[in-house]
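Please keep the sequence and the model open while reading.

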Amino acid sequence: ERNSGPLLRLENVVQKFGGLVAVNNVSFEIRKGEVKGLIGPNGAGKSTTFDLVTGVRPPTSGEIHFNGIRVTRQPAHTRSPMGMARTFQIVRLFRGLSVLENVQMGMHPAFPDGLLPSILRSAERRRQEAESRKRAMKLLDFVGLADRAGERIETLTLGQLRLVDIARALASGPDLLMLDEPAAGLNDAETRNLAEMLALLKKRGMSMLLVEHDIDFIMSACDTVVVMDHGTKIADGTPAEVSRNREVIAAYIGR
Ligand code: ADP
Ligand code: MG
């Protein structure tokens, strides 16, 4: 085991946009296997915090550690090989490719080019391609979309696209799955289906960070919840703990 501490640790993270403090000295941790929710009223700083964790931009100050490694200033694309994977609220999948190919896009190549002699390489390529298809199929099966594998991505509904995006994120074999408003725009049946899938992932030990507007969804899906308001963390605890927190109640009722 590389690291016996928390999987993710934010320490006094600050993000300023000019004179505006969007994230004000926020600290929290995600333990291995923990599902953490991040909620708060509009403008609370949720998306900005999510961007700092995923590496969209570095914070103005503070530190972020993942698996014991300092990632504060690591750009987003370097975080996937480290074991962090994210989904997008506006799903960014590849039009013209099949559902299966889109999931395969989430895998990083096991061997960079030039490491193997060319004959070996073509055999190795075919083996890798077969392996990649097999793994992608398994993931599609997991999200309940195996029967759509060969279809073009643009034929799917929003609910299905979100599931493909999760399968794509899982394809990299992450230690931490970060979901940006996964339930946004989904109907009740799709939301229930998504909740069931996340529960199954949680059961399998996946650590997750969920940013979501749907409070009922967060409260039922998460072990612990961070509540933000005006850039500040106002609560961090189990759903039961945060939902009886006066400051949390005031933040939601006060507007
Ligand atoms: P939430 O996701 O909780 O609704 P955000 O993190 O999007 O909140 O925004 C927090 C605050 O930071 C808001 O006041 C918002 O207007 C501001 N903000 C967010 N992103 C930027 C940016 N790129 N430039 C300037 N201000 C921003
Ligand atoms: Mg937001």
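## A bridge and its sheet

Arg86 has Met178 of strand E7 as its bridge partner; strands (E, at least two residues) and helices (H or I, at least four residues) are DSSP runs, numbered from the N terminus. Strands E6 and E7 run parallel and are joined by three bridges, and two strands are said to pair if DSSP finds at least two bridges between them. Strands of a sheet pair through backbone hydrogen bonds, either parallel or antiparallel.

How many strands form the open sheet, and in which order? Six strands form it, in the order E6-E7-E8-E3-E9-E10, with mixed pairing. Strand E6 (84-86) and strand E10 (232-237) stand at the edges with a single partner strand each, so one side of each is left without a neighbour in the sheet. From one strand to the next, the twist averages 15 degrees.

Helix H8, which covers residues 246-253, lies across strand E9 (224-229) and strand E10, and runs at about 125 degrees to E10. Axes here are lines fitted to C-alpha atoms, for helices over the stretch in contact, and angles run from 0 to 180 degrees between N-to-C directions.

## How the model is read

The model is predicted, and local features need pLDDT of at least 70, while side-chain atom pairs count only at pLDDT 80 or more, and totals for chains, interfaces and linings use all residues. Residues are numbered from 1 along each chain as its sequence is written, and chains are lettered from A and ligands numbered from 1 in the order in which they are written.

## The protein as a whole

The secondary structure of the protein comes to eight helices and ten strands. The radius of gyration, taken over C-alpha atoms, is 19 Å, close to the 18 Å that the globule rule (2.2 Å times the number of residues to the power 0.38) gives for 255 residues, so the protein is as compact as a globular protein of that length. Along its principal axes, the C-alpha trace spans about 65 × 40 × 35 Å.

Of the 255 residues, 36% are buried; a residue is buried if 20 or more other C-beta atoms lie within 10 Å of its own, exposed if 12 or fewer, and partly exposed in between, with C-beta atoms placed from the backbone. Among the contacts with a separation of 6 or more, 68% come from residues 24 or more positions apart, two residues being in contact if their C-beta atoms, placed from the backbone, lie within 7 Å.

## Two domains

An automatic or database domain assignment gives the domain bounds, and the protein is divided into domain 1 (1-83 + 174-189 + 206-255) and domain 2 (85-172). The C-alpha centres of domain 1 and domain 2 lie 27 Å apart, and 13 residues of domain 1 are in contact with twelve residues of domain 2. Strand E7 gives the most to the side of domain 1 that touches domain 2, with four residues.

## Local details

In helix H1 (residues 46-54), the buried residues are Lys46, Thr48, Thr49, Phe50, Leu52 and Val53, and just after H1, Gly55 takes a positive phi of about 95 degrees. Most residues other than glycine have a negative phi. Asn67, although not a glycine, has a positive phi of about 55 degrees and is found in the loop between strand E4 (61-66) and strand E5 (69-70).

Glu181 has a positive phi of about 45 degrees and is found in the loop between strand E7 (176-180) and helix H5 (188-203). Is each of these two residues buried or partly exposed? Asn67 is partly exposed, with 19 other C-beta atoms within 10 Å, whereas Glu181 counts as buried, with 21 C-beta neighbours inside 10 Å.
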